[in-house]
Protein chains: 2
Amino acid sequence: MKVTIKDIANKAGISPASVSRILTNRGRFNADTAVRVRAIATAMGYLKNQSAADLAQKQSHVVGVLVPTEHTNFADEIIKGMQAKAHELNYELLVTFIESDEVRQLQTVQSLLSRQVLAIFMLAIDPSDALLEMLTRSDVQLISISNQLNTKIPSISSDNYAMMHQVVDFLYQKGHRDIALIGSSEPDPIVARLRRQGFIEALAKHNLPYHPEFIWGDKNNYETGLAAIKHFKTPLPFTAAIGSADIISVGLLNGAKDAGIVVPTDFSIISVDGTELTQLTRPPLNTVQQNFHLMGSLAITALVEQTLAPSAVLFTETKLIAGGTVEKIIAS
Amino acid sequence: MKVTIKDIANKAGISPASVSRILTNRGRFNADTAVRVRAIATAMGYLKNQSAADLAQKQSHVVGVLVPTEHTNFADEIIKGMQAKAHELNYELLVTFIESDEVRQLQTVQSLLSRQVLAIFMLAIDPSDALLEMLTRSDVQLISISNQLNTKIPSISSDNYAMMHQVVDFLYQKGHRDIALIGSSEPDPIVARLRRQGFIEALAKHNLPYHPEFIWGDKNNYETGLAAIKHFKTPLPFTAAIGSADIISVGLLNGAKDAGIVVPTDFSIISVDGTELTQLTRPPLNTVQQNFHLMGSLAITALVEQTLAPSAVLFTETKLIAGGTVEKIIAS
DNA sequence: TTGAAAGCGGTACCAC
DNA sequence: GTGGTACCGCTTTCAA
């Protein structure tokens with residue numbers, strides 16, 4: 001039998017109300033009885049029923065997290081960041097993977113919602129209209145992480161536009177003039193759009209030619225990297241490529257290897273994301289690294305402190321990480 | 001303002017009790033009013049408060065999942081398996097990463113427990129005594145996944161003992177006679193013990209010499225793989241190694257590459273786990289693959305159907321996956 | 001400072 | 001078949 005607040009109250013000879021006050025440290029109570037009550041509580045192995053407490057308080061300490069079933073490479077890092085902060089502040093995370101099937105998506109979110117979550121964090125999610133409608137209709141706080149949404153949903157991400165400048169600047173410095181961007185060709189995720197835009201404008205800034213066909217591949221997966229090399233054939237029409245996700249870059253690297261292209265001598269690769277994956281390749285990938293952990297903890301902080309305006313866009317720092325896949329070449 | 005069962009009852013001119021029966025499909029009710037009530041419910045945008053329901057029913061639909069912060073490579077796959085099944089059966093997953101600091105561990109589990117979880121699944125976790133005590137003291141159902149525990153906790157995993165036979169048999173067939181096992185040297189996790197035992201007995205079965213020093217490395221991480229190559233130096237005293245986790249195998253492969261050892265010509269590697277990581281290397285890794293997805297869904301099924309005896313040990317199939325890191329050699 | 005009591009949103013027993 | 005109602009475990013006025 002579970003021990004409740006009433007059991008403690010009986011044992012201590014006081015009312016449940018007092019026990020509640022003591023155990024939650026709210027309101028006034030006698031310090032002496034407090035120590036006694038706390039002792040009894042631990043002695044009896046009391047465990048607060050947080051759901052009951054939430055129900056009574058009409059507010060929840062649970063945060064729902066929506067994670068796409070695919071590319072969860074960096075999601076992990078974000079979740080860890082959130083969790084570290086959440087636990088510190090006594091919040092719980094209800095992490096839910098969400099697949100592409102829309103019907104199941106809605107079901108999933110529905111059950112999250114019926115858990116009375118305080119907020120829902122969307123990790124790198126581009127919600128469908130139906131999903132977005134369901135989400136905004138309910139009055140949970142929404143935060144988009146690692147993706148900006150054009151709606152009234154605040155977001156925390158890297159400055160994807162600036163990040164592309166960082167990357168192109170770096171490649172330019174290394175003498176590269178013909179640069180491809182692999183994996184952000186579709187207009188749909190806002191992130192892809194921002195990256196394309198940053199990429200194009202960074203090229204312009206350096207007076208580099210812009211070849212629309214050098215922006216290729218829409219899916220953020222391994223196959224996109226492999227396929228890109230097959231698509232452009234040997235010799236590649238560019239000297240460097242930006243992989244718009246680590247897994248794409250690994251695909252590029254392996255694809256190049258398969259095609260007899262030597263990296264970085266014949267072809268340079270720089271990756272966007274900078275998860276551990278970039279350290280597992282030979283050579284290790286140059287990369288611009290996002291601070292996923294920070295995104296996660298910022299999200300929780302922002303939620304708790306309510307510091308995020310509905311249309312706020314928060315950026316975390318990105319930094320270049322050295323690797324062995326970019327070579328300095330003589331600008332032609 | 002949230003719409004409740006009472007609001008619906010008022011609107012429909014019936015009692016909350018009836019609405020509850022209709023919405024949960026329990027007990028008897030008039031089919032006609034049922035459709036009417038359901039229509040009203042959706043029209044008003046009703047969302048069941050599952051926590052309140054759990055409270056009233058004194059039973060929870062939430063399953064807590066404990067995941068170690070490190071090597072989460074295959075944890076993902078297990079979680080997806082659990083989630084697929086869980087949602088089908090209307091259960092929720094409360095996934096929690098657990099770090100090595102014991103104090104924080106206990107806190108984490110405490111808050112899980114106070115969420116009134118139905119069960120706690122431990123993914124590849126070797127609980128400390130304190131943790132185990134806390135867990136068993138509470139009356140939640142426990143299931144260990146991907147790790148066997150010597151206590152009265154049921155487990156679902158691969159047959160680690162048999163798996164090592166599978167691997168050694170394979171290498172033996174390919175002509176290998178001197179085989180190392182990297183990453184299971186410590187006696188502590190039961191899994192490591194079982195693997196070592198299976199490994200040693202499989203060698204004996206084939207009348208192969210057993211070199212205790214060929215079982216090397218205790219941590220399941222990338223560095224262990226790299227370090228193993230440095231430790232044994234060139235030329236390696238064995239012709240093949242078993243990496244006791246994919247990430248170790250990647251370390252072995254890269255370490256070999258760094259040392260100028262050609263895989264598989266000079267040195268064969270076979271990995272244990274078989275996550276996608278094994279497909280990202282060049283050459284791709286041979287591996288014995290565990291069915292993590294199945295472990296996850298089985299766990300949920302077993303929980304719901306209560307088919308798992310306290311000391312049950314459930315095994316899922318493992319299978320050999322071809323790759324490019326094992327070469328047939330002439331037995332010396 | 002403390003206690004009685006009224007809920008929070010649902011469920012389930014029991015009578016009608 | 002349907003409704004009244006007493007809880008589930010905790011919080012929170014409000015009075016004492």
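Helices (H or I, at least four residues) and strands (E, at least two) are DSSP runs, numbered from the N terminus, and two strands pair if DSSP finds at least two bridges between them. All views show a predicted model, in which local features need pLDDT of at least 70, side-chain atom pairs count only at pLDDT 80 or more, and totals for chains, interfaces and linings use all residues. Residues are numbered from 1 along each chain as its sequence is written, chains are lettered from A and ligands numbered from 1 in the order in which they are written, and side-chain values use heavy atoms, with hydrogens and water left out.

**View 1. The open sheet of chain B.** Six strands with parallel pairing follow the order E2-E1-E3-E4-E5-E11 in chain B. Strand E2 (92-98) and strand E11 (313-316) of chain B are the edges, each pairing on one side only. Neighbouring strands are turned by 20° against each other on average, direction ignored; axes are lines fitted to C-alpha atoms, for helices over the stretch in contact, and angles run from 0 to 180 degrees between N-to-C directions. Strand E1 (residues 62-68) of chain B and E2(B) are joined in the parallel sense by seven bridges. Within E2(B), Ile98(B) stands opposite Pro68(B).

**View 2. The open sheet of chain A.** The order in chain A is E2-E1-E3-E4-E5-E11, six strands with parallel pairing. Its edge strands are E2 (92-98) and E11 (313-316) of chain A, and each pairs on one side only. From one strand to the next the twist averages 20°. Strand E4 (residues 141-145) and strand E5 (residues 155-158) of chain A pair in the parallel sense over two bridges. Ile145(A) has Ile156(A) in E5(A) as its bridge partner.

**View 3. A salt bridge between the chains.** The side chains of Arg115(B) and Glu92(A) form a salt bridge (3.9 Å, N to O). This pair joins two chains because Arg115(B) lies in the loop between helix H6 (102-113) and strand E3 (119-123) of chain B, and Glu92(A) in strand E2 of chain A. Over all chains the structure holds 16 salt bridges, each a side-chain nitrogen of Lys or Arg within 4 Å of a carboxyl oxygen of Asp or Glu.

**View 4. Two cis peptide bonds in chain B.** The bond from Thr234(B) to Pro235(B) is cis, with omega near -5°. Pro235(B) sits in the loop between helix H10 (222-232) and strand E8 (240-243) of chain B. A cis bond also runs from Val263(B) to Pro264(B), with omega near 5°. Pro264(B) belongs to the loop between helix H11 (246-258) and strand E9 (268-273) of chain B. Most peptide bonds are trans.

**View 5. A positive phi in chain A.** Asn207(A) is not a glycine, yet its phi is positive, at about 55°. Most residues other than glycine have a negative phi. Asn207(A) is placed in the loop between H9 and strand E7 (215-216) of chain A.
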